Amino acid sequence: MKNWIAYALLTGTLASGYAHAEPLKATQYDDFDRYVLALSWQSGFCQSMHERNRKLPAECREQDSPENGAQMLTVHGLWPGLPRSIAARGVDERRWMRYGCATRPIPNMPEARASRKCAAPGVDLSDTMAQKLGEVMPGAGGSSCLERYEFAKHGACFGFNPNAYFGTMVRLNQEVRDSAFGRFLAGHYGKIVSRKAFNEALARSWGKESVKAVKLTCHGNPAYLTEMQIGLKAEAINQALSSQSFAPGAHPGNCAKTFRLDAVGF
C-alpha cells in the first residue's frame, strides 16, 4: 500500500486527498495539445444571472456563505482543444468552441444546447463520483443538468470514461483551492483585488508562465469575477498541477485592473 501511494504521488494520480482510478485518455480524436479548465466564481456567476434578469438556477437561489471563500471556485467544465485531424477538415477554433462534438463534418454528433441541458443524454457516473461532482459543480444533476451538457459537448466524441473525465475536473479544482493561490482567493472573498495581486498569487503557486495561461471573465460595474479559464497541456492532464502544466493563451480576458471576488447575496 505504501508503495502504491508513493507511486501515485510521484505520477500525480493522488492529489489533494482525491484519486481517480483511471487516467483521462481520449480513445479517438486524441491529436490535440491542450485543455481549458473552466472554473466559475459561483457567487459572481449567480450575480451576473441576477443582473441580466436571467432565470436563476436552483443552485443560485439556494446559495450559502462558505466556510472557506475558495469554495466559491467551482467546476464549469474541461474542454479539449481543437484536434489536428478535425482542423484539417476546415474547422477553425471559433467553430470548434461553438459546437464541440457537434462540429461538422466531424465529429458530427447531436448538438447539446445550453438552453436544454437536460435534453442531453444522461452520464453514467458511479455513485461516488456523482457525489463528489455535486460538491464542486453546483449545476450537476437536479434541474440544471450541467454535467450532461458538458459531456455531450466536450467529452462524448473523445470516448472519455465519464468517471475519469469528471474525476479529473474534481481533482484539478481541489488542487487550485488547496494552493497558495486558493488561499489568496479565500483571504479576499468579498473584497476588491487588483489584477496585479491576482497574477502574483498565481505566480507564487505555479510560476510566471501560469499567469499567461489564465483568462478571466468579469461582469458588472464595478466589475466582479465570474469565471477563470485555465489553459493546460494535454500531456500533463493526469499529473498534479506544476509550473509545467500550463499552456499560455492568447487573451487575458476582460477583467480590468481591479475587480471584486463577489460574496454570496444579491
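**Entry 1**

I count a residue as buried when its relative accessible area is under 20%. The model I am reading is a predicted one. I looked up cysteine 218 at the outset. Its relative accessibility is 9%, so cysteine 218 counts as buried. I then checked cysteine 255, which is at 9% as well and counts as buried.

These two cysteines form a disulfide, with the sulfur atoms 1.9 Å apart. I read 100° about the S-S bond, and the link is right-handed. The pair links distant parts of the chain, 37 residues apart. Cysteine 218 is in strand β6 (residues 214–219), while cysteine 255 is in the loop between β7 (224–233) and β8.

**Entry 1. The other disulfides**

How many disulfides does the count come to? I get four. Counting bonded cysteines along the chain, I note the pattern 1-2, 3-6, 4-5, 7-8.

I went to cysteine 46 and cysteine 60. Their sulfur atoms are 2.1 Å apart, and the two form a disulfide. The angle about the S-S bond is -80°, and this link is left-handed. I checked burial for each. Cysteine 46 has a relative accessible area of 0% and is buried. Cysteine 60, at 2% relative accessibility, also counts as buried.

Next I took cysteine 101, which a disulfide joins to cysteine 157, S to S 2.1 Å. The link of cysteine 101 and cysteine 157 is left-handed, with -70° about the S-S bond. Where do the two ends lie? Cysteine 101 is in the loop between α5 (93–99) and α6 (127–136). Cysteine 157 is in the loop between α7 (146–154) and α8 (162–178). The two positions are 56 residues apart in sequence, so this pair ties together separate parts of the chain. Both cysteine 101 and cysteine 157 are buried.

**Entry 2. Aromatic pairs**

I moved on to the rings. A pair of aromatic rings is described by the distance of the centres and the angle of the planes. The count comes to 13 aromatic pairs.

Is the pair of phenylalanine 158 and phenylalanine 160 stacked or edge-to-face? The ring centres are 5.4 Å apart and the planes are at 20°. Planes under 30 degrees apart count as stacked, so this pair is stacked. I found both phenylalanine 158 and phenylalanine 160 buried.

Phenylalanine 198 and phenylalanine 259 form an edge-to-face pair. I read 5.5 Å centre to centre and 65° between the planes. This pair links distant parts of the chain, 61 residues apart. Phenylalanine 198 is in helix α10 (residues 195–206) and phenylalanine 259 in strand β8 (residues 258–260). I have phenylalanine 198 at 0% relative accessible area, buried. Phenylalanine 259 is at 1% relative accessibility and counts as buried.

I also traced a cluster linked by ring pairs. Its members are Phe32, Tyr35, Trp96, Phe151, Phe158, Phe160, Tyr165 and Phe166.

**Entry 3. Charges over rings**

I looked for charged side chains over ring faces. Arginine 98 lies over the face of tyrosine 99, 4.4 Å from the ring centre. The charged end of lysine 117 sits over the ring of tyrosine 149, at 5.4 Å from its centre.

Is strand β3 (residues 34–41) enclosed or open? Seven of its eight residues are buried, so the rest of the structure largely encloses the strand.

I checked the pairing of β3. Strands β3 and β7 run antiparallel and are joined by seven bridges. Arginine 34 has lysine 233 as its bridge partner in β7. β3 also pairs with strand β4 (residues 73–80), in the antiparallel sense, over seven bridges. There, leucine 39 has valine 75 as its bridge partner.

**Entry 4. Serine 43**

Is serine 43 buried or exposed? At 2% relative accessibility, serine 43 counts as buried. I left aside its neighbours within four places in sequence and listed the contacts of serine 43: Gln63, Met72, Asp262, Ala263 and Val264.

Methods
Residues are numbered from 1 along each chain as its sequence is written. This is a predicted model: local features need pLDDT of at least 70, side-chain atom pairs count only at pLDDT 80 or more; totals for chains, interfaces and linings use all residues. Side-chain values use heavy atoms; hydrogens and water are left out. Rings of Phe, Tyr and Trp (its six-membered ring) pair if their centres lie within 6.5 Å; planes under 30 degrees apart count as stacked, over 60 as edge-to-face and the rest as tilted. Buried means under 20% relative accessible area, exposed over 50%, partly exposed in between (1.4 Å probe, protein chains only). Helices (H or I, at least four residues) and strands (E, at least two) are DSSP runs, numbered from the N terminus. A charge sits over a ring if NZ of Lys or CZ of Arg is within 6 Å of the ring centre and within 35 degrees of the ring normal. A disulfide is a pair of cysteine sulfur atoms within 2.5 Å. Contact means heavy atoms within 4.5 Å. Two strands pair if DSSP finds at least two bridges between them.
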